[in-house]
Amino acid sequence: MYMKFFYSLFALQMVVSLCFAQVKVDGLLCENRINPLGMDVTHPRFSWKLVADKRNEMQTAYRVEVSEKANFSGHVWDSGKVPSDSSVFITYKGKPLQSGKKYFWRVKVWDNTGKASVWSTASWWQTALFNTSDWKAKWITPGYTEDTTNRPSPLMRKQFTVGKKIRSAVAYITAHGLYEAQINGQRIGDAYLTPGWTSYGKRLQYQTYDVTSLLKEGNNAIGVMLGNGWYRGIIGYSNKKNVYGKDIALLLQINITYEDGTTGIITSDESWKSSTSEVIYSEIYNGETIDHNKVQAGWAQPGFNDEQWSKVRVEDYPKNILVATYNEMIKKHETFKPARIFKTPKNEQVIDFGQNLVGWVVLKVKGKAGDKITVSHAEVLDKDGDFYTANLRAAKAQDTYILKGDGQEIFEPHFTFHGFQFIRIEGYPGDIIKPEDVTAVALYSDMKPTGTFTTSNPLINQLQHNIQWGQKGNFLDVPTDCPQRDERLGWTGDAQVFSRTATFNMNVNNFFAKWLCDVAADQSPEGIVPFVVPNCLGFTQGSTGWGETATVIPWNMYLAYGDQRILQNQYSSMKAWVDYMQHQAKNDLWNSGFHFGDWLFYSVDDDTDGSSAITDKYFIAQCFYAYSTQLLINTATVLNKQEDVTYYTRLLKRIKDAFFKEYVTPNGRLVSGTQTAYTLALNFDMLPESLRTQAAQRLVENIHAYNNHLTTGFLGTPYLCHVLTRFGHSNMAYRLLLQDTYPSWLYPVKMGATTIWERWDGIRPDKSFEAASMNSFNHYSYGAIGDWMYRIMAGMDTYDDGAGYKHIKIMPHPGGGFSNATATLQTYYGNLSSGWEIKDGKTYYSIEIPANTKADIFLPATHADEITEGDKALALDKDITIGKSEDGYVGLKVGSGIYHFAVTGVVAAMPVTGTK
């Protein structure tokens with residue numbers, strides 16, 4: 001009796017709880033970051049997530065408060081109650097912000113039942129230095145005469161006294177070159193290779209650090225080590241040095257607020273001292289040499305005797321180009337212990353870490369004073385099992401360590417990085433290297449992982465792993481082409497073809513926003529987008545597919561994140577690129593100049609099919625000319641620039657008319673009959689609708705002619721499977737995905753790859769290599785297939801009119817012999833997922849839609865009666881509206897929540913056979 005009473009009471013409490021459940025607010029972000037320190041954005045944007053335990057949760061209004069005080073007594077902005085369902089990128093509209101000040105903010109929301117949330121937990125951000133006049137520090141360089149051959153890393157230090165208790169202290173630091181800073185012997189921050197790489201002549205980043213806990217009342221010391229880095233080190237081709245300048249310099253300022261409310265400041269100036277460090281050589285390509293006999297113990301601590309140190313020189317370098325850092329800095333991430341330690345046939349001591357990564361190795365060692373250890377880095381072994389470095393070209397990629405001989409010593413580089421899976425160790429004391437004494441450390445920009453993708457096929461899961469590690473290894477402050485050889489440059493074509501895939505795996509919103517500023521900065525007055533950004537090569541030619549970085553990446557960032565400010569900031573750059581192409585074109589046809597074309601496409605070695613995989617470069621140029629123009633029209637529409645919409649819409653029609661006249665025969669054949677030609681023409685809608693079906697069939701026939709292999713290069717590959725699916729050939733898309741002989745995505749996987757290769761056959765079946773002059777084994781471009789796996793196979797996409805996954809499209813494509821596939825994505829609204837599993841004659845779908853969004857779900861079925869949700873027929877589920885159906889899919893409209901569907905006897909794409 002009593003038990004029955006308690007169960008009844010519990011049930012009543014649950015009903016009451018559900019009736020009065022409040023929506024919660026969580027995941028507060030300011031400019032896409034949690035509590036960011038050091039932002040020079042005068043009108044920051046706020047984002048938050050709604051957390052709800054019921055379906056169809058929508059925000060109907062919000063209120064944001066911003067205050068200088070944590071208890072919110074007094075406001076610099078109170079938005080009031082704003083009727084809106086917007087919860088992402090809400091722009092600050094309060095009083096003008098002040099430099100170097102902390103602001104607190106919180107939000108409350110109202111949902112679609114009229115209930116209000118409680119105030120969120122307070123978040124904060126701290127501004128950086130808005131004005132050049134805020135900088136009181138002076139640029140300083142070493143006062144001694146430099147060794148211009150080896151250029152050892154300088155040390156700079158200053159000792160000072162703090163006479164009062166400190167409430168807060170904030171350091172602002174940048175350099176010509178790279179820097180690592182300490183206060184009282186403790187490292188400032190956990191970022192590496194700072195201040196990062198930008199177009200230094202126009203934009204130089206500084207970093208902001210809270211150093212309150214590092215300072216103390218009484219004597220203090222600050223010390224900074226500098227490295228050549230990208231600024232004056234070897235970069236680009238031909239052993240080129242001093243691209244941005246010959247100097248190496250420091251700019252540092254600490255703003256102190258004392259407990260009594262007064263303030264103080266410590267700056268880099270003529271009072272500092274300089275000397276040389278134990279880093280006697282440091283270059284990004286060649287590696288680093290560290291001599292522990294030259295360590296100046298305690299140099300960054302108070303009381304160190306610096307009487308033998310030189311003075312510094314004060315220089316009048318510009319400060320009006322300084323910008324705060326708002327992208328994620330490079331940090332340490334995964335670590336790897338040796339997978340095996342072995343001797344090669346050449347009797348060399350080699351360690352395999354089991355993963356091609358980017359970073360460096362930390363080495364612990366005991367030996368005699370003067371012992372020299374050399375650590376060389378390689379991605380692969382040759383066919384005989386020996387250490388292989390020919391593909392590094394001129395990059396030495398060696399770290400050399402000279403022992404002091406005073407017990408166990410730890411060596412770790414400072415201002416270099418390497419791309420490697422294997423290391424060779426020479427000169428190691430003794431015969432045995434212990435695994436615990438060697439650790440590989442991965443370095444990459446500290447982007448938050450956002451996407452996961454898993455299937456029933458282990459090879460595809462490894463492909464996804466390789467895509468992610470290709471991204472990690474090449475996203476070190478700029479999107480590089482490769483991380484190991486004498487290049488490591490921000491190639492624009494590589495970045496644009498991979499950009500949409502990149503948005504799934506990690507949050508790259510700020511990463512690309514920062515880099516796009518450099519794209520615009522390095523763009524020529526005529527609108528030419530350089531081949532690499534930052535433009536350390538100095539080339540001023542414009543190539544289609546590479547210049548599209550200016551248009552494709554901003555639009556992809558808008559689609560993935562709903563970030564209109566990127567479109568606003570980049571609009572002039574986008575327009576300049578399109579206008580450049582227009583000026584190059586004659587009668588709206590761009591058929592002149594240099595173009596890379598479909599870079600690294602498959603080429604046959606015999607005359608079986610002649611040169612059919614070679615696509616006319618001007619054909620490609622015209623397609624991308626049209627594509628960029630379309631993206632500019634899209635952007636102008638979002639930004640409400642109607643005059644531009646009208647002008648460029650007319651231009652686009654003329655571009656397509658010129659294409660049709662030049663490159664299409666009367667019966668609809670293309671003058672280039674390649675996979676890339678048909679893929680681009682179809683993807684960019686270059687053909688009339690009446691000719692598209694037959695063009696898609698010709699594409700399929702071409703693939704069949706190559707025994708179901710792709711032949712596309714950098715520009716055709718990202719769109720190939722998308723086009724096949726769009727025109728009803730998902731079976732063929734699956735065949736290409738699952739093909740495991742050259743050329744294919746799975747061929748490198750079966751050859752043991754742990755990252756994406758630059759070439760389809762970087763290692764040939766007989767274990768020989770492609771030409772060492774261009775054969776990277778960590779090169780993300782071909783990983784663009786990931787976008788098809790996430791958006792088509794798992795079916796998770798966003799509509800243009802609800803960019804950033806505010807309005808979601810779920811349209812999975814089961815097939816390919818897979819029994820399951822699942823993708824998850826952390827959006828700015830919350831977790832989004834789409835998965836399917838085939839078993840017992842049914843296809844089961846599990847879908848999660850985040851709060852404050854809506855979704856159109858399309859499930860492969862001939863009629864809604866074939867679909868159940870949970871154990872109910874669709875017609876009985878009040879949370880689901882049966883909507884429009886298309887192409888053998890039943891359309892459903894839903895709000896937020898978790899949904900489980902079952903479809904009887906339907907698989908969209910049949911199992912793939914005969915892929916060889």
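**Cysteines and a helix**

Guide: C623 counts as buried because its relative accessibility is 0%; buried means under 20% relative accessible area, with a 1.4 Å probe and protein chains only. This is a predicted model, where local features need pLDDT of at least 70, side-chain atom pairs count only at pLDDT 80 or more, and totals for chains, interfaces and linings use all residues. Residues are numbered from 1 along each chain as its sequence is written, and side-chain values use heavy atoms, leaving out hydrogens and water.

Visitor: How many disulfides does a search of the whole structure find?

Guide: A disulfide is a covalent bond between the sulfur atoms of two cysteines. Here the cut-off is a pair of cysteine sulfur atoms within 2.5 Å. The search finds 0. C30 is in none, as the nearest cysteine sulfur, in C517, is 17 Å away. C30 is also buried, at 1% relative accessibility. For C623, the closest cysteine sulfur belongs to C721; at 18 Å, that is too far for a bond.

Visitor: Where does α7 bend?

Guide: Helices are DSSP runs of H or I, at least four residues, numbered from the N terminus. A bend is the angle between axes fitted to the seven residues ending at a residue and the seven starting there. α7 bends by about 55° at Q570. Helix α7 covers residues 564-584 and reaches 29 Å from its first C-alpha to its last.

Visitor: Which residues of α7 are buried?

Guide: Residues three or four places apart on an α-helix point the same way, as there are 3.6 residues a turn. In α7 the buried ones include L567, Q570, M574 and W577. Among the elements covering the buried residues are α5 (509-522) and α8 (617-638).

Methods:
Helices (H or I, at least four residues) and strands (E, at least two) are DSSP runs, numbered from the N terminus. The expected span of a helix is 1.5 Å times one less than its number of residues. Buried means under 20% relative accessible area, exposed over 50%, partly exposed in between (1.4 Å probe, protein chains only). Contact means heavy atoms within 4.5 Å.
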